[in-house]
Amino acid sequence: MSRFWSNTVKALTPYVPGEQPQISGLIKLNTNENPYPPSPAVLAAIAGANHAALRLYPDPQARTLRQCLADYHRLTPEQIFVGNGSDEVLGLVFAALLKHDAPLLFPDISYSFYPVYCGLYDIEYRTVPLDDSFAIAVDDYRQPCGGIIFPNPNAPTGRLLPLAQIEALLQAQPDCVLVVDEAYIDFGGDSAIGLVAHYPNLLVVQTLSKSRSLAGLRVGFAVGHPDLIEALERVKNSFNSYVLDRLALAGAVAAFEDEAYFRQTRQAVIDSRERVSAGLAALGFEVLPSAANFVFARHPQHDAAQLAAALREQAIIVRHFAQPRIAQFLRISIGNDEECTQLLAALAGLLAHSDGSK
Ligand code: PMP
């Protein structure tokens, strides 16, 4: 704390990103990155970009990328907004669309960045409990509100909400913006992007960080009615006009042009997820059904924090949230084949050699 801080800064509780340790040989299953490298076409596009042009600002409207995304999703560029990772897109969404007199609604167990944005922008919010099976109960969102946001699949649970329930909520709340954060949708669900043309109150946010293996490039986007997109542009252009650099723009376009690689790596992650889920269940874990690139699991006899610490001693890092309702869960990102095998072997060893005290 310093006397130079503004009152806003003093009151902030910032988001804590998953750690990125610089240790070689680590099995890093804590931040839901993709275990496979980006498409070779992405790397070629970045290498082949006109590097001399880096002296020039990039296109502030990112027209090439927005057109590419529009073609991919059968939309128009006016329905698309791009940003520096979906975290930045979400930050702009909170400022542009979710600050109203009535409270914003989101699940009690959800992406922990949401309350942080509320703190930054002074947005009132109310959390809505997940049901006992850790699923979003859409009917609980039929209450007066200034907006609704949740991830689908939800994080950190991995549970998917069927599209029909999202559509029912859009119909029940025509005067509220519903933001569906689809960071993980490619690993197991139908996107709500198809509903955008029918519901002017729907905004869908996606990222290239997970299913396109590009967490390091920082590209995310939002899809919605042009009026919603214009709100985002207004805030963006009041803050930083050039959110995506030239290399990111080139790489992002190439990622959407290599559909075969996308499908192949996505399927590999899905297959590994099913193997890890089955392996954990065989070890006695309760595993929530996951539609994401991670699983959320708890063991009735073994303390989650202790398991996480013991895995860390074997250079395997998973995520544990010391938070009500989920303190006994581990969130485990899906690694490559070898990493998944080592994770299951390590847990089998730990369970066999501990007395199960909890
Ligand atoms: N939404 C959810 C639900 C996430 O888990 C993440 C990843 N931490 C993000 C958005 C942000 O991802 P990125 O900024 O890399 O696009």
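The model is a predicted one, with local features needing pLDDT of at least 70 and side-chain atom pairs counting only at pLDDT 80 or more, while totals for chains, interfaces and linings use all residues. Residues are numbered from 1 along each chain as its sequence is written, and side-chain values use heavy atoms, leaving out hydrogens and water.

The chain splits into domain 1 (16-37 + 260-352) and domain 2 (40-257), with bounds taken from an automatic or database domain assignment. Their C-alpha centres sit 25 Å apart. Counting heavy atoms within 4.5 Å as contact, 27 residues of domain 1 touch 27 residues of domain 2. Together the two domains bury about 2,100 Å², 60% of it on carbon and sulfur atoms; buried area here is the accessible area (1.4 Å probe) that two parts lose on being put together, summed over both. Phe262, Ala291 and Arg325 stand out, supplying 31% of the area that domain 1 buries against domain 2, more than any other three residues.

Arg325 also turns up in a salt bridge with Asp108, where the closest N and O atoms are 2.8 Å apart. The count between the domains is 1 salt bridge (a side-chain nitrogen of Lys or Arg within 4 Å of a carboxyl oxygen of Asp or Glu). On the domain 1 side that touches domain 2, the elements giving two or more residues are helix H9 (259-282), strand S10 (294-298) and strand S12 (329-333), where helices (H or I, at least four residues) and strands (E, at least two) are DSSP runs numbered from the N terminus. H9 gives the largest share, 6 residues.
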